[in-house]
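Subject: Handing over a structure

Hi there,

Here is the structure I promised to pass on to you. Have a look at it first, and then read on for what turned up in it.

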Amino acid sequence: MSNIQDLMQFNNVCDEFIEGKYILADIKIAALLKVIAANEKIKNIIASCSENFNFNRMFAQLAVEDEAGNCKFALPNAEEDKIAFIFGLLYRFDNKVIDLYQFLNKFFRADDDESAGKEFLRFAETIIIPFKSAINNIYSNRHIIKESEDYQNDCFNKIMQCVQNIAKQIDSFKLKANEKEEFIMLLNSLYLASESNDKKLVYSLMIGIDYFSKCNKRTRNAYLSLEECFE
């Protein structure tokens, strides 16, 4: 599996978590930790960020309840600390050291007219989205699609051909004018990045097209055909 496929697997499970349901929160955490455990590069990133990191001290500083019973939760500012802290939190949820649902009720408690699902959504936006972003940033700096030159050239040639095939059927996706314009811009940029062998830009654009296709589901198969170019 190539570096980009490794990272896409992690991103996909994060996205599934964010789109998940409150009653499945513990299952989503277990699934995310399972993907991390199977990914050596992401495990190494988390291990390096967690070295000499004191979770309990940081938790005491960031998860605070005042005398009036008001609860406040925040994340560390530094990206490395953010990764170490969130992973430590997820690990403790999974191992029942911290009760997930008590934590949600305490720090992400919904208003009277809101459902428990709103608690879960706020939790996902506060915890999972920053975790995904921080992992992606550090991963891209450490592992920019490093493969053999022949492999890279083969991938780039496949991508350019695939982009051309997608462009020929652009009208079949039945996108709105602004969506069509954005999709064409992404495809053109991916073609040019592949043509110039710009590995980092190819990686970034694939993430962008992945996100676009999840928002515009008619284009999902087009994205999946691009992802197959890395196999």
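Let me start with a pocket. The residues lining the largest pocket are four nonpolar, no polar and four charged. In this count, Ala, Val, Leu, Ile, Met, Phe, Trp, Tyr, Cys and Pro are nonpolar, Asp, Glu, Lys and Arg are charged, and the others, Gly among them, are polar. The residues in question are Asp 15, Ile 18, Glu 19, Ile 129, Lys 132, Tyr 211, Lys 214 and Cys 215. Helices H1, H7 and H10 (199–215) each give two or more residues to this lining, and H10 gives the most, with three. The space inside comes to about 200 Å³. A pocket here is an open set of points on a 1 Å grid over the protein atoms alone, where a 1.4 Å probe fits, with protein on both sides within 12 Å along at least five of seven lines; lining residues have an atom within 4 Å of a point. Grid points are joined across faces, edges and corners, and the volume is the space filled by probe spheres set on the points.

Before going further, a word on what you are looking at. This is a predicted model, in which local features need pLDDT of at least 70 and side-chain atom pairs count only at pLDDT 80 or more, while totals for chains, interfaces and linings use all residues. Residues are numbered from 1 along each chain as its sequence is written, and side-chain values use heavy atoms, with hydrogens and water left out.

Now the overall fold. The protein has eleven helices and two strands, arranged along the sequence as α-α-α-α-β-β-α-α-α-α-α-α-α. Helices (H or I, at least four residues) and strands (E, at least two) are DSSP runs numbered from the N terminus. Of the 231 residues, 43% are buried, where buried means under 20% relative accessible area, exposed over 50% and partly exposed in between (1.4 Å probe, protein chains only). Among contacts with a separation of 6 or more, 69% join residues 24 or more positions apart; a contact means heavy atoms within 4.5 Å.

What about the interior? The largest nonpolar core has 46 residues, and Phe 10, Phe 73 and Phe 131 touch the most other members. Helices H1 (3–18), H2 (25–37), H3 (40–50), H4 (55–62), H5 (79–94), H6 (100–107) and H7 (116–142) each supply at least two residues of this core, and H7 brings the largest share, ten residues. A second, separate core of 25 residues includes Val 163, Leu 186, Leu 190 and Phe 212. A nonpolar core is a set of buried Ala, Val, Leu, Ile, Met, Phe, Trp, Tyr and Cys residues joined through side-chain atoms within 4.5 Å.

Leaving aside residues up to four places away in sequence, Phe 10 touches Leu 32, Val 35, Ile 36, Ile 42, Phe 131, Lys 132, Ile 135 and Asn 136.

Phe 173 and Thr 219 are 46 residues apart along the chain, yet their C-alpha atoms are separated by 6.3 Å.

Finally, two backbone angles. Most residues other than glycine have a negative phi. Lys 96, in the loop between H5 and H6, has a positive phi of about 65° although it is not a glycine, and at 60% relative accessibility Lys 96 is exposed. Asn 197, in the loop between H9 and H10, also has a positive phi, near 55°; Asn 197 is partly exposed, at 38%.

Enjoy exploring!

Best wishes
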